[in-house]
Amino acid sequence: MINHLITQKNWQTQLSTAITSVDELLSLLKLERSELSVIVPDNFGLRVPRAFVNKMQAGDANDPLLRQVLPTAEEQISVSGYTQDPLAENAHNPIKGLLHKYQSRVLLTITGACAIHCRYCFRQHFDYGANLPTSKEQEAIVDYISDNPDINEVILSGGDPLSISNRRLFAWLDCLEAIPQLTTIRLHTRLPLVIPERIDAELLQRLAQSRCQLVMVIHCNHANEIDDNTAQYLQRLKQIGVTLLNQTVLLAGINDQVETQVALSHRLFAAGVLPYYLHVLDKVAGAAHFDCDEQQAITLYWQLLSKLPGYLVPKLVRELPNFAFKTPIDIYQAD
Ligand code: SF4
């Protein structure tokens, strides 16, 4: 691991000092531009916290964490079938900041900000500017949920819901917990992996007081993302009763080998997290080079079944536009 960095600064400082310069990143990793087809995108530029860079291997242009964040020329290749809104989310957006696609749960995009920019992100073209709820829309969201008694779970997403301040996050929790029908609040976040100090004492205290069941789905793609420090922070969440799950995107050249997936499941479990989903890539424009062939995914999955106990095998799924659930991939299908 590279030998610069990082004293345990508070998470806001880490957030604001994330690396946004390709040259700085390559310099820290002792890599030359000539080794990589790096680009500087107009939108959705490089962003990576230093603590995450610290988990990369210096001198390795194919480091699996680096490849998740480094913008390369492959993103500029237009590939048929890869679109800006691969899940047709715009069709399920009844009010600003709220996506209602699944029957019993709604997803709130409470911020457009992320601590890290993942090059495969299916929301990299999402119009957050038009979708961030103001305080007035926050009231409309509460009304919408109250008017739909089937909804019992709210998913806080974004962007990354843990990238906002505790004050703003707690205000969301307060208003959601006041809706009697809600039983569960779920947070989808990469912050515990990229800036573990985000799980600060104030956040832990507030989450421990929630009247709702809390689920946190971290988005971890490789065992190297969970070092001992990260595992300690995840364990703190587990100790206060948060259910910890992981979803992984199957990424070509990053985690498409069976050994990589097996190591990830074991590392997650050691940190108190259960594997939940293994997603094949959502076909978002600019990310086709990360996609794995479905037959390859199925072959990998059979190997996982043979090597892992059932509770460490995530479900292999694809998200299809306009389906009200994740679609399990048929692993019995013929070539
Ligand atoms: S943290 Fe999540 S929402 Fe943000 S860029 Fe990465 S995958 Fe996308």
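This is a predicted model: local features need pLDDT of at least 70, side-chain atom pairs count only at pLDDT 80 or more; totals for chains, interfaces and linings use all residues.

Modeller: The ligand has a shell made up of C114, I116, H117, C118, C121, R123, G158, G159, D160, R190 and H219.

Biologist: Why is V38 called partly exposed?

Modeller: V38 has 18 other C-beta atoms within 10 Å. Buried needs 20 or more, and exposed needs 12 or fewer. The count of 18 lies in between, so V38 is partly exposed.

Biologist: Where is V38 found?

Modeller: V38 sits in the loop between α2 (22–28) and α3 (50–53).

Biologist: Which residues is V38 in contact with, leaving aside neighbours within four places in sequence?

Modeller: They are V22, R33, L70, P71 and T72. Contact here means C-beta atoms within 7 Å.

Biologist: How do you know that the radius of gyration agrees with a compact globule?

Modeller: For 335 residues, the globule rule gives a value near 20 Å. The protein has 19 Å, so the two agree.

Biologist: How many of the residues count as buried?

Modeller: The share is 36% of the 335 residues.

Biologist: What does the secondary structure come to?

Modeller: The protein has 11 helices and 9 strands.

Definitions and conventions:
Residues are numbered from 1 along each chain as its sequence is written. Helices (H or I, at least four residues) and strands (E, at least two) are DSSP runs, numbered from the N terminus. The radius of gyration is taken over C-alpha atoms; the globule rule is 2.2 Å times the number of residues to the power 0.38. A residue is near a molecule or strand if its C-beta atom, placed from the backbone, lies within 6 Å of it. Two residues are in contact if their C-beta atoms, placed from the backbone, lie within 7 Å.
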